[in-house]
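These are notes on the two-chain model you sent. They follow the order in which I would check it.

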Amino acid sequence: MSLLTDLVTITCVLAGVVFFLAGTLGLLRFPDTLTRLHALTKADNVGLALIVLGLLPQAGTFLDALKMVAIWLLVQLASGAVAQLLAEVALRSAHAAEAKE
Amino acid sequence: MRAEPAALMAEVLLVAAACILVFTAVAMVGMWWRGGVADQMMSVQLLGSGGVAILLLLAVASGQWAVLDVALLFAVLAAFAASAFHGAAGRRDDAGAVRRPEGQSPSGGPPP
């Protein structure tokens with residue numbers, strides 16, 4: 001049982017690290033602000049979700065596990081809203097720059 | 001060398017945390033030097049999500065469950081920073097104070 005949960009933890013955490021690597025590559029390689037925003041708010045959040053999923057079996061108490069899930073939910077909600085806000089600012093500044101030219 | 005399962009697990013989690021730290025730092029530096037204010041704000045957001053992941057891994061690896069509260073604080077601060085940024089950019093009419101490097105336009109094509 002312990003071996004099984006450890007395997008689940010290691011598999012999920014390593015998969016999460018791979019998603020963080022993908023997010024970083026996207027941020028460095030994608031050509032414009034909106035695609036980079038996409039890489040930031042999607043790939044990194046999947047990575048965080050996998051890490052939380054992997055860490056859940058290692059939680060000391062039920063309350064700690066619940067807190068980890070709550071942190072994950074908060075980050076999901078925040079990043080969904082933040083993506084919209086940042087995209088709006090990026091679009092508006094692009095329009096302002098075009099109007100100035 | 002004796003490999004206890006618990007110690008081995010902690011080492012794996014620490015290595016994962018170190019990897020994410022390196023990825024986050026590389027992406028942050030790349031974004032910061034890239035230009036626009038939205039990109040720079042995104043690097044701060046990256047510190048939020050990457051930092052939460054690192055702190056969760058450290059909390060489990062070290063058994064210090066209070067670190068979870070620090071992760072929670074990171075998540076909240078990143079969200080508030082982004083909404084404050086949005087508010088400040090909305091007050092300034094010329095949010096076009098964006099520094100765009102040559103040949104890069106947020107709409108995808110090269111600038112006219």
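How many helices and strands make up the secondary structure of chain A? Chain A has three helices and zero strands, where helices (H or I, at least four residues) and strands (E, at least two) are DSSP runs numbered from the N terminus.

1. Basis. This is a predicted model, in which local features need pLDDT of at least 70 and side-chain atom pairs count only at pLDDT 80 or more, while totals for chains, interfaces and linings use all residues. Residues are numbered from 1 along each chain as its sequence is written, and chains are lettered from A and ligands numbered from 1 in the order in which they are written.

2. Confidence. The predictor assigns the complex an ipTM of 0.88 and a pTM of 0.81. Chain A has an average pLDDT (the predictor's confidence in each residue, from 0 to 100) of 88, with 99% of residues scoring at least 70. Within chain A the highest mean is 90, in α1(A), and the lowest is 87, in α3(A). For chain B the mean is 79, and 74% of residues reach 70 or more. Residues 93-101 of chain B stay under 50 in pLDDT; the model gives this stretch 21 contacts beyond four places in sequence, a contact being two residues whose C-beta atoms, placed from the backbone, lie within 7 Å.

3. Shape of chain A. Along the sequence the pattern is α-α-α. The radius of gyration, taken over C-alpha atoms, is 18 Å, well over the 13 Å that the globule rule gives for 101 residues, so chain A is more spread out than a compact globule. That rule is 2.2 Å times the number of residues to the power 0.38. The C-alpha trace spans about 65 × 25 × 10 Å along its principal axes.

4. Helix α1(A). Its 28 residues should span 40 Å at 1.5 Å a residue, and the end C-alpha atoms are 40 Å apart, which agrees; the expected span is 1.5 Å times one less than the number of residues. Buried residues of α1(A) include Val13(A), Phe19(A), Phe20(A) and Leu27(A). Here buried means 20 or more other C-beta atoms within 10 Å of the residue's own, exposed means 12 or fewer, and partly exposed lies in between, with C-beta atoms placed from the backbone.

5. Chain B. This chain also reads α-α-α, and 38% of its 112 residues count as buried. Val22(B), found in helix α1 of chain B, is partly exposed because it has 13 other C-beta atoms within 10 Å.

6. Interface. Chain A and chain B each bring 48 residues to the contact. On the side of chain A, α3(A) gives the largest share, 20 residues. That side divides into 29 nonpolar, nine polar and 10 charged residues, with Ala, Val, Leu, Ile, Met, Phe, Trp, Tyr, Cys and Pro counted as nonpolar, Asp, Glu, Lys and Arg as charged, and the others, Gly among them, as polar.
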